[in-house]
Amino acid sequence: MILYIKKTNIILSTGMTVLVSQVNRLRKMNKPLVGVGCASTGDTSAALSAYCAAAGIPSIVFLPANKISMAQLVQPIANGAFVLSMDTDFDGCMKLIREITSELPIYLANSLNSLRLEGQKTAAIEILQQFDWEVPDWVIIPGGNLGNIYAFYKGFKMCEELGLVDRIPRLVCAQAANANPLYLNYKSGWKNFTPVKATTTFASAIQIGDPVSIDRAVYALKNSDGIVEEATEEELMDEMAAADATGMFVCPHTGVALVALRKLRERGVIGRSDRTVVVSTAHGLKFSQAKIDYHSKAIEGMGCKFANPPVEVKAEYGAVMDVLTKYLSNVS
Ligand SMILES: N[C@@H](CCOP(=O)(O)O)C(=O)O
């Protein structure tokens, strides 16, 4: 089997490389598959188009117009995908691609496809390997369409069943408060799931109100003594900025997961010495505009308490000396 592994700066690439490799094999066996398609909030489409381009397979992506960052939009465009930008949200795109792929010989690449999950579960194995097969106490994962939370569970469970480890970590799924159907379901004691209308969030890749992997996610959380947390827009942007200020450069979804970590630590659920892994799902550079808006304090209704705007100063010795002296007197 040929695996098309390339860097796309997205965690779910491990699942897409497995799926595209299988489609490639099926096409070589003359199966009538004209291409691979997905609905996306910007990351899945990037991974799909990259691996399909490498394999010479047409890729078709359905994107919600004006709801993903420019950097996310340009990835499938540059990789030669057939990009349909639609006047709907992700859930609308998802519904449409499911209907279309049931009519046309286009292989559906969203995470309801188990090939994706088989690839994505390897992230759990990597975590264990990097911890020298010592199981972390917690793994916190941002959640939108909810394939990842199940894939991590599957990976950890497989390692337990193989006897590589003797337990699995407790999983935490972190959602944006503006797109929180799983959180609401968890808070209701896992009563009947109700989709929500997801509203705009800086964590745009998880702006999903009707996740396709809801049942699998609930299963994973119930079987890992899991927790669901949520983050408001202000919380997630502040947490992202705070993480960046330590030398990282994280995406807003990682900000959501870090808010969950902070809240669970503050409540004493996650203990001081618990080993906790926070999964970062995409590269922060794909969300530069959100960071620029935050640091310019240009976000309406948001305090942006960690904003670090550039200082405009005349290109003159005296002026530069003044601002620098003032700055240096405030830093230790
Ligand atoms: N966040 C995803 C949404 C699609 O989810 P998937 O789990 O079906 O791949 C994206 O970036 O497109």
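About 310 Å³ of space lies in the largest cavity of this predicted model, a cavity being a set of points on a 1 Å grid over the protein atoms alone where a 1.4 Å probe fits but cannot get out. In this model, local features need pLDDT of at least 70 and side-chain atom pairs count only at pLDDT 80 or more, while totals for chains, interfaces and linings use all residues. Residues are numbered from 1 along each chain as its sequence is written, and side-chain values use heavy atoms, with hydrogens and water left out.

**Cavity lining**
- The lining comprises 26 residues, with Leu12, Thr44, Asn145, Asn148 and Ala205 nearest the centre; lining residues have an atom within 4 Å of a point.
- Helix H5 (114-120) and helix H7 (147-161) each contribute at least two residues to this lining; helices are DSSP runs (H or I, at least four residues), numbered from the N terminus.

**Salt bridges**
- The whole structure holds 14 salt bridges, each a side-chain nitrogen of Lys or Arg within 4 Å of a carboxyl oxygen of Asp or Glu.
- Glutamate 118 pairs with lysine 121, their closest N and O atoms being 2.7 Å apart.
- Lysine 121 is buried at 11% relative accessible area, whereas glutamate 118 is partly exposed at 30%; buried means under 20%, exposed over 50%, and partly exposed in between (1.4 Å probe, protein chains only).
- Glutamate 118 also forms a salt bridge with lysine 154 (2.4 Å, N to O).
- Glutamate 118 lies in H5 and lysine 154 in H7, so this pair ties together parts 36 residues apart in sequence.

Technical notes. 1 Å grid on protein atoms, 1.4 Å probe; cavity = no way out; pocket = protein on both sides within 12 Å on 5 of 7 lines; lining within 4 Å. Points joined across faces, edges and corners; volume = space filled by probe spheres on them.
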